[in-house]
Amino acid sequence: MFSNQALKKLLIPLVIEQILAMLVGMTDTLMVSSAGEAAVSGVALVDMVNYLMITILTAVATGGAVIVSQYLGSRQSENAEKSAGQLVMISAAISLAIMAICLLFCRQLLQLLFGTVEADVMQAAMTYFLITACSFPMLGIYNASAALFRSAGKTDITMYISLLMNTVNIIGDFIGVQLLDAGVAGVAVPTLISRGLAAVVITALAFRER
C-alpha cells in the first residue's frame, strides 16, 4: 500500500502536468486575440478538435502504461522494456494516421463538425488546424514516454517537461503575434515547436538506462 505522502508525491505533479497540458491551447487563444475576432474564433474551434485528439492519444498511452506497470510490479524488466517499446511505436503509428487524416480532410472535418462558418473564420481554423495537426505524432510520442515515467512513479519529470513546453509556447506566441504579426500561424507554429521539443526531451530521458 502507498502511504499518503507517497500518493501526494505521485499525484500533485500529475495534476499540475495535466493543467499545463491544457494551457497550451488556452494560451494560443488568449495570445491570438489581438489578431482579430476571426482568428480567435478559428483557434477556439480547432482547439476543441485538438482536445479530442489529445484525449485519444492519452488513452492509448495510459492503456499501454498499465501493461508496463504490471510487468514492473512483477519484476519482469525484460517484458516491461518490450512493452514500453511497443507502446511508443503504436502511439507513433496511431498519431501519424490521425495526422494524415486531418491533413488530407482538413476542410471536410471542420465543415462536418462546425457546419457553415464565415469564410475568414474557416480560413483561420484551417491554418491553425493544418499546422497543429503536424504536432500529433510528437504529441503521441510525448504521451507514450510520459506514461512510462508515470509507470515508474517519476511524475515530477513529466511535470517539469510540461512546464518547459508551456514556457516555449508562451514565448513563441509572443514573438509570433506581437513581434512578427503572423496572426494564427504565429500561435500555431510555437505549439508545433513546443510539442516537438517536449517529445525529444522526454524520449531522450526515457532512453537513459537508469
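Reader: What does Leu110 touch?
Author: Leaving out residues up to four places away in sequence, Leu110 touches Val46, Gly115, Met122, Ala125, Met126 and Phe129; contact is heavy atoms within 4.5 Å. Keep in mind this is a predicted model: local features need pLDDT of at least 70, side-chain atom pairs count only at pLDDT 80 or more, and totals for chains, interfaces and linings use all residues. Residues are numbered from 1 along each chain as its sequence is written, and side-chain values use heavy atoms, with hydrogens and water left out.
Reader: OK, how many residues has the largest nonpolar core?
Author: It has 28 residues, and Leu110 and Phe129 are among those with the most contacts inside it. Such a core is a set of buried (under 20% relative accessible area, 1.4 Å probe, protein chains only) Ala, Val, Leu, Ile, Met, Phe, Trp, Tyr and Cys residues joined through side-chain atoms within 4.5 Å.
Reader: Which element gives the largest share?
Author: α5, with eight residues. Helices here are DSSP runs (H or I, at least four residues), numbered from the N terminus.
Reader: Switching topic: how do α6 and α7 cross?
Author: Their axes, lines fitted to C-alpha atoms over the stretch in contact, with angles from 0 to 180 degrees between N-to-C directions, come within 7 Å and cross at roughly 150°. So α6 and α7 are roughly antiparallel, the word for angles over 145 degrees.
Reader: And which α6 residues meet α7?
Author: Tyr142, Ala146, Phe149 and Arg150, facing partners in α7 including Ile157 and Met165.
Reader: Last one, what follows α2?
Author: Arg75, with a positive phi near 60°.

Technical notes. Buried means under 20% relative accessible area, exposed over 50%, partly exposed in between (1.4 Å probe, protein chains only). Helices (H or I, at least four residues) and strands (E, at least two) are DSSP runs, numbered from the N terminus. Angles under 35 degrees count as roughly parallel, over 145 as roughly antiparallel, 65 to 115 as roughly perpendicular and the rest as oblique.
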